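Take a look at the model below.

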Amino acid sequence: MTNTDEQESQPAYRSGFIAVVGRPNVGKSTLINALIGKQVAIASSRPETTRKAIRGILTTDHAQLVLVDTPGIHRPRTLLGQRLNDIVEESLSDIDAIAFLLPADQEIGPGDKRILSRLRTDFATKGEGGTFAWKVPLIAIVTKIDQLGRQQLIDKLIEINEFADFSDIVPVSALEHDNLDEVRQVLIDNTPEGPQMYPDDQVSEERPEDTIAELIRGAFLEELDDELPHSLAVVVDSIERPEDNESGQSYEGKIQVMVSVYVERDSQKPIIIGRGAEHLVRVKKKLRTPVNRIVGGKAKLDLHVKVAKGWQSDPKQLERLGF
């Protein structure tokens, strides 16, 4: 067999950007993390957890998919909400396919209809008969299928098929890792031919500081559940590696990760800290291993809770907090 024959038998390399859309709390972050096999997006049981268009990068032998996690498209109530919608606009502007997540255990509702109409405005043209022709593939990913029996699932898939003109419909349970390979393959098949854009081992476009900040915010969301104010922002101020002041030589020792945790009101500080600083202690313990992995050594998380009054509606503070 000649080299040319081998090249011809190899599938063409595919690469592209895929927007993962869906209303809040449909499992976008869980799916991205499951597809990539690492935590690149924070998954939480609370809606509207994602605040940045985190790009998860999935690389296989024949393809590279850059998954853009859009913050839940919703009606903004604050300047932060408006900024989140702007982030969605930006992350949708240059994509090759759309993965529209619809949870199997919930009705198709006004939020889904609003997202569909928004996508049609940006990515479809309306024909004379009132049908829409999509400029990029629109793939329905039906999440949380472990919640339904077989017949219920069949009925759900029929309903979703009638909801929009999807190129493909794939059921999946990201939590149970059921049908993930199928989702991966469908996304690859709908991505155009193109070159590899990122190194094999890169799984995110985020800086280590941003990844750690998102992990900390996610850990507080899980720890505090209902008590946690939505107005929590986390900033990693610095990552300091131990080095000799005079020679600049690094030496063995803990890497200091200095973190500011911001709330909007003084009354929220004790909620975050907990009795005897129990919440801070638990969050540090939970994140010890992931943070060590990110910084490439033993790290010490230094958490300081601060008040930034009304930051969600203050342009200057939003800027400072990375929005």
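Phe-100, Phe-163 and Phe-166 form one aromatic cluster. The model shown here is a predicted one. In total, the structure holds three aromatic pairs. Two of them are set out in the table. A pair of aromatic rings is described by the distance of the centres and the angle of the planes.

| Pair | Centre to centre | Angle between planes | Kind |
|---|---|---|---|
| Phe-100 and Phe-163 | 6.2 Å | 70° | edge-to-face |
| Phe-100 and Phe-166 | 6.2 Å | 75° | edge-to-face |

Why do these pairs count as edge-to-face? The planes of Phe-100 and Phe-163 stand at 70°, and an angle over 60 degrees counts as edge-to-face. The planes of Phe-100 and Phe-166 stand at 75°, so this pair is edge-to-face too.

Now follow the chain. Phe-100 lies in strand β4 and Phe-163 in helix α5, so their pair ties together parts that are 63 residues apart in sequence. Phe-166 sits in the loop between α5 and β8 (168–171), so its pair with Phe-100 links parts that are 66 residues apart in sequence.

Phe-100 has 0% relative accessibility, so it counts as buried. Phe-166 has a relative accessible area of 9%, and this residue is buried as well.

**The core**

The largest nonpolar core has 30 residues. Among those with the most contacts inside it are Phe-100, Phe-163 and Phe-166, along with Ile-98, Leu-119 and Leu-138. Which elements build this core? At least two residues each come from β1 (14–21), β3 (63–69), β4 (97–103), α4 (110–123), β7 (138–143) and α5 (150–163). The largest share, four residues, comes from α4.

Phe-166 has several partners beyond its neighbours in sequence. Leaving out residues up to four places away, Phe-166 touches Phe-100, Leu-102, Leu-138, Ile-139, Ala-140 and Ile-160.

**A buried polar residue**

Turn next to Gln-64. Gln-64 is found in strand β3. Its relative accessibility is 0%, so Gln-64 counts as buried. What does its side chain reach? The side chain of Gln-64 makes a polar contact with the side chain of Thr-59, at 2.9 Å. The Gln-64 side chain also reaches the backbone nitrogen of Met-197, at 2.7 Å.

Other residues surround Gln-64 too. Not counting residues up to four places away in sequence, Gln-64 touches residues including Tyr-13, Arg-14, Ser-15, Gly-16, Ile-57, Leu-58, Gln-196, Tyr-198 and Pro-199.

Conventions. Residues are numbered from 1 along each chain as its sequence is written. This is a predicted model: local features need pLDDT of at least 70, side-chain atom pairs count only at pLDDT 80 or more; totals for chains, interfaces and linings use all residues. Side-chain values use heavy atoms; hydrogens and water are left out. A nonpolar core is a set of buried Ala, Val, Leu, Ile, Met, Phe, Trp, Tyr and Cys residues joined through side-chain atoms within 4.5 Å. Buried means under 20% relative accessible area, exposed over 50%, partly exposed in between (1.4 Å probe, protein chains only). Contact means heavy atoms within 4.5 Å. Rings of Phe, Tyr and Trp (its six-membered ring) pair if their centres lie within 6.5 Å; planes under 30 degrees apart count as stacked, over 60 as edge-to-face and the rest as tilted. A polar contact is a pair of N or O atoms within 3.5 Å; within protein, one must be able to donate a hydrogen and the other to accept it, and residues adjacent in sequence count only if both atoms are side-chain atoms.
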